[in-house]
Amino acid sequence: MDKIENISDNRFKVINGEKYLISNRRLTHQRILYEIFETFRKYFKNKNYEPFLGQIDLILDSDNKEIAKYIIKPDIMVIQKEEYIKEDGIYGVPVLIVEIEVNATNYNKKKMKLYGKYGVKEYWIVDINKRLVKIYVLDNLNKYELISKILFNGIVKSKIFNGLEVDLKNIDNNKFRISC
């Protein structure tokens with residue numbers, strides 16, 4: 001991602017006070033995103049959690065967006081506490097975050113470190129090129145431990161939400177084999 005100075009509010013992420021351009025999402029990214037989100041939406045219905053798509057800002061370190069050092073737009077986030085939810089964003093720490101990636105970068109490593117620092121309990125990375133999902137769980141030292149890798153023909157099971165499963169067979173069919 002390119003470092004930028006000026007761009008509209010819904011096209012960048014801020015990490016440690018620096019703005020990063022959000023790349024345009026490809027069709028494959030969107031299809032995978034909606035498949036996972038739909039499963040989350042059904043699972044969390046009538047529960048004390050709510051999933052959100054990444055079109056809304058996540059502000060980790062402040063209750064004031066103007067002074068926040070970290071404004072992120074994860075692909076999917078699951079929020080527990082209603083008081084975190086405001087009209088202009090989520091102010092607080094999600095329980096689970098899903099990021100759908102085409103290529104691993106230093107920016108991705110920064111996000112993982114940031115999520116661990118603030119206490120995101122479970123972190124999924126969907127790697128489109130390698131056609132797998134990595135699940136990380138936060139340990140007592142706020143470091144992520146890789147606990148499983150699941151290919152796109154398997155079933156992803158959350159480690160912190162009993163019964164939350166995403167069947168990747170729905171993703172691993174020809175309609176998702178578009179070049180990224």
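So, when I say buried today, I mean a residue with under 20% relative accessible area. And keep in mind, please, that what's on the screen is a predicted model.

Okay, let's go to helix H1. It runs over residues 27-44, which makes 18 residues. From its first C-alpha to its last it reaches 26 Å, and that's close to the 26 Å you'd expect at 1.5 Å a residue.

Now, which residues of H1 are buried? Here they are: Thr-28, His-29, Ile-32, Leu-33, Ile-36, Phe-37, Phe-40, Tyr-43 and Phe-44.

Next up, backbone angles. Following H1 you come to Asn-46, and its phi is positive, near 65 degrees.

Moving along, S10 comes up again. In the loop between S10 and strand S11 (132-138) you'll find Arg-131. Arg-131 isn't a glycine, yet its phi is positive, about 60 degrees.

Last one: Asn-142, in the loop between S11 and strand S12 (144-151). Here too we have a residue other than glycine with a positive phi, near 60 degrees. Is Asn-142 buried or partly exposed? Partly exposed, with a relative accessible area of 36%.

Terms used. Residues are numbered from 1 along each chain as its sequence is written. This is a predicted model: local features need pLDDT of at least 70, side-chain atom pairs count only at pLDDT 80 or more; totals for chains, interfaces and linings use all residues. Side-chain values use heavy atoms; hydrogens and water are left out. Helices (H or I, at least four residues) and strands (E, at least two) are DSSP runs, numbered from the N terminus. The expected span of a helix is 1.5 Å times one less than its number of residues. Buried means under 20% relative accessible area, exposed over 50%, partly exposed in between (1.4 Å probe, protein chains only).
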